[in-house]
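I am opening my notebook on a structure that is new to me. I will look things up one at a time and write down what I find.

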Amino acid sequence: MPGLHYITDPMQYEFMRRALIEVILMGAVTGAIGTYVVLRGLSFIGDALSHAIFPGVVIAFLIGAGIFWGALLFGILTSASIAVVATNRRVKEDSAIGVLFAGSFALGIVLISSSRNFTRDLASFLFGNVLGVTNNDIVLSAIAGVIVIVIVVLLYKELLITSFDRAAAQAMGLPVFWLDLLLLILISLTIVVSLRAVGNILVVAMLVTPAATARLLTDRLPVMMAMSAAIGVMSGIAGLYISYWNDVAAGGTIVLVATALFGLVWLFAPQHGYLTTRLLRRRLATDLAETRVVFESPEIQLPGPH
Amino acid sequence: MTIQQTAPPPIDHEDCLVIRDLTVAYGRKVVLNGVQADIRKGQVVGIVGPNGGGKSTLLKAILGMAPVISGTVMLFGKPIDKMRSRVAYVPQREVVDWDFPVTVMDVTLMGRYPKASWIRRTNAHDRDVARDMLSKVDMLDYANTQIGQLSGGQQQRVFIARALAQEADVLLLDEPMNGIDATTQEIIMGVIEEQRIAGKIVLLATHDLVSASCACDCLCCVNERMVSYGPLAETYTPANLAETYGGPVIMLGRADASDELPHTHHHPGEHAHHTHEHENLGIEHK
């Protein structure tokens with residue numbers, strides 16, 4: 001089969017096989033949890049979390065501990081502080097979060113500037129380095145991914161009602177504060193999983209773009225979640241191949257594929273697409289015009305005044 | 001061994017929603033003060049008062065969702081915290097994100113969540129109950145519709161169905177009559193009546209005095225404090241309502257209306273006046 005080598009060739013390299021597994025894991029998990037990020041309007045918080053995790057990554061790197069654990073620790077700390085800040089009505093939540101995450105991102109940059117390979121290390125944290133994924137990274141990503149997906153599935157109804165109707169969830173006696181915190185921690189965990197593939201800066205795109213795309217295609221939450229995960233995986237695979245053959249950065253390409261898919265769906269989605277709705281509207285207008293002719297025609301036959 | 005009771009207590013608290021000295025404050029601002037009420041099974045209580053007077057806050061305080069600084073709420077002799085699943089709550093429609101990708105059926109099934117423990121899914125019986133309740137509010141045909149595609153009245157009916165699906169003993173309705181059509185209003189009135197007959201407790205927060213006077217046995221008048229609580233005959237009076245709303249409530253209708261009790265369905269044989277007055281209160285009621 002001609003062209004098949006485009007798919008098989010890269011797979012002869014161990015690092016590409018590992019990268020492929022990593023982006024599939026990343027795409028599925030970010031897509032699934034991204035559904036809640038989109039539905040609850042947490043894009044900004046997702047962005048903040050990914051930046052706030054940065055110093056954790058740097059500190060772990062500098063002291064030679066696992067990056068995963070440093071990132072996770074900072075993710076949980078930041079999640080907790082965001083959840084607590086959100087309970088205080090007086091504080092403008094977005095300003096508080098803006099202050100926190102910019103500050104902690106700056107801390108990360110200052111810390112890593114002491115490293116000898118400053119530029120290279122910084123770039124790999126900020127933009128990911130999926131080709132450098134180790135087996136250990138894959139195992140950690142898989143475990144974290146399974147944890148996230150299992151919790152999202154098991155707590156489906158609790159997370160659903162807390163997101164849709166907070167007042168009713170509270171009235172039922174659900175611990176909404178802890179559910180919020182749990183959701184933030186799951187998002188952090190997802191970000192940590194994605195750092196290798198797309199890096200700190202672009203991870204928010206993987207949390208938001210596939211889910212926003214899926215929302216345009218369905219009105220059912222479980223379907224949206226599955227579609228979003230599928231779009232995440234597709235973007236990951238396609239982006240990885242395109243970056244390989246064009247010798248460009250994988251993380252950026254993956255995000256670009258996801259963005260392109262969003263653009264296509266935004267234009268052509270069956271019900272909510274921009275062009276589709278315009279087309280439907282025009283067709284409706286034509287139909288109406290035709291019906292009016294039918295209504296008017298008997299009038300023509302009415303005897304006029306003499 | 002049995003203990004002979006010399007005199008039965010006037011009200012059996014085991015059968016009541018008992019509110020004692022309930023005071024709510026946001027920060028240092030007291031928004032609701034000194035609410036006292038014994039609400040028996042089968043009673044419908046209207047919570048009335050001006051905007052910002054604490055109607056919604058009272059419902060939230062009963063559910064433990066507002067910062068209660070003193071007082072207690074007991075249901076059937078137990079602290080309300082332990083009885084949450086037996087209280088169904090219909091929040092104001094505005095608090096919900098109607099673009100959320102859930103169907104009418106999904107929303108109604110949420111009423112079954114308190115019955116299912118954590119992690120467990122809703123089952124076939126839950127879906128049967130949800131379908132029953134949807135047909136009760138005439139929304140079964142829309143079971144698979146995304147909720148954002150409904151009209152305001154239809155959305156409210158789905159919320160009512162969700163509350164009914166909980167099969168609770170207490171129903172708390174927060175402004176259910178806001179911005180809805182006549183059909184929905186009729187259906188909600190019917191549901192309230194049905195709950196009364198079934199011996200449930202209904203609390204209805206509303207700024208619509210007419211629907212309150214039609215649907216309720218008692219009124220709880222609040223304006224940052226509890227102004228009065230009691231049967232309609234004592235509370236649905238111009239003097240009391242004037243005190244509640246902080247000024248004379250204009251009850252047009254007849255020239256001498258100001259010193260007459262407004263008429264309600266509790267006064268049979270006065271239908272003509274009934275309708276007449278409602279029209280003149282300037283509130284739509286069909």
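I started with a pair of facing residues: B:Arg20 stands opposite B:Thr72 in strand β4 of chain B. β4(B) covers residues 68–75, and six bridges join this strand to β1(B) in the antiparallel sense. I count two strands as paired if DSSP finds at least two bridges between them. Helices (H or I, at least four residues) and strands (E, at least two) are DSSP runs, numbered from the N terminus.

A note on the source: this is a predicted model, where local features need pLDDT of at least 70, side-chain atom pairs count only at pLDDT 80 or more, and totals for chains, interfaces and linings use all residues. Residues are numbered from 1 along each chain as its sequence is written, while chains are lettered from A and ligands numbered from 1 in the order in which they are written.

**Strand β1 of chain B**

I then looked up the other partner, β2(B), residues 29–40. Eight bridges join β1(B) to β2(B), and the two run antiparallel. Within this pairing, B:Val24 has B:Leu32 as its bridge partner. What lies between the two strands of this hairpin? I found two residues there, and B:Gly27 in the turn has a positive phi of about 60°.

Next came B:Asp21, which lies in β1(B), residues 16–26. Its phi is positive, about 50°, although B:Asp21 is not a glycine. Most residues other than glycine have a negative phi. Is B:Asp21 buried or exposed? I noted B:Asp21 as exposed, because 12 other C-beta atoms lie within 10 Å. The cut-offs are 20 or more other C-beta atoms within 10 Å for buried, 12 or fewer for exposed, and partly exposed in between, with C-beta atoms placed from the backbone.

**The six-stranded sheet**

I traced an open sheet in chain B with the order β6-β7-β8-β3-β9-β10 and mixed pairing. Which strands stand at the edges? They are β6(B), residues 87–90, and β10(B), residues 226–231. Each has a single partner strand, so one side of each is left without a neighbour in the sheet. From one strand to the next, the twist averages 15°.

Axes are lines fitted to C-alpha atoms, for helices over the stretch in contact, and angles run from 0 to 180 degrees between N-to-C directions.

I also checked helix α5(B), residues 182–197. It lies across β3(B), β7(B) and β8(B), running at about 150° to β8(B).

**Chain A**

How many helices and strands are there in chain A? I found 14 helices and zero strands. The C-alpha trace of chain A spans about 100 × 60 × 35 Å along its principal axes. Of its 306 residues, 45% are buried.

I picked one helix pair to follow. The axes of α3(A), residues 43–52, and α11(A), residues 176–217, come within 9 Å and cross at roughly 110°. That makes α3(A) roughly perpendicular to α11(A) (65 to 115 degrees). The contact residues include A:Gly46 and A:Leu49 of α3(A), and A:Ile191 and A:Val204 of α11(A). Two residues are in contact if their C-beta atoms, placed from the backbone, lie within 7 Å. By class, this contact has seven nonpolar, six polar and one charged residues. Ala, Val, Leu, Ile, Met, Phe, Trp, Tyr, Cys and Pro count as nonpolar, Asp, Glu, Lys and Arg as charged, and the others, Gly among them, as polar.

Then I looked at A:Asp247, in the loop between α12(A) and α13(A). A:Asp247 has a positive phi, near 55°, and is a residue other than glycine. It counts as exposed because it has 6 C-beta neighbours inside 10 Å. In α13(A), residues 250–268, I found A:Leu256. A:Leu256 is partly exposed, with 19 C-beta neighbours inside 10 Å.

**Between the chains**

Last, I checked the interface: 20 residues of chain B are in contact with 19 residues of chain A. The chain B side has 15 nonpolar, three polar and two charged residues.

Key:
Angles under 35 degrees count as roughly parallel, over 145 as roughly antiparallel, 65 to 115 as roughly perpendicular and the rest as oblique.
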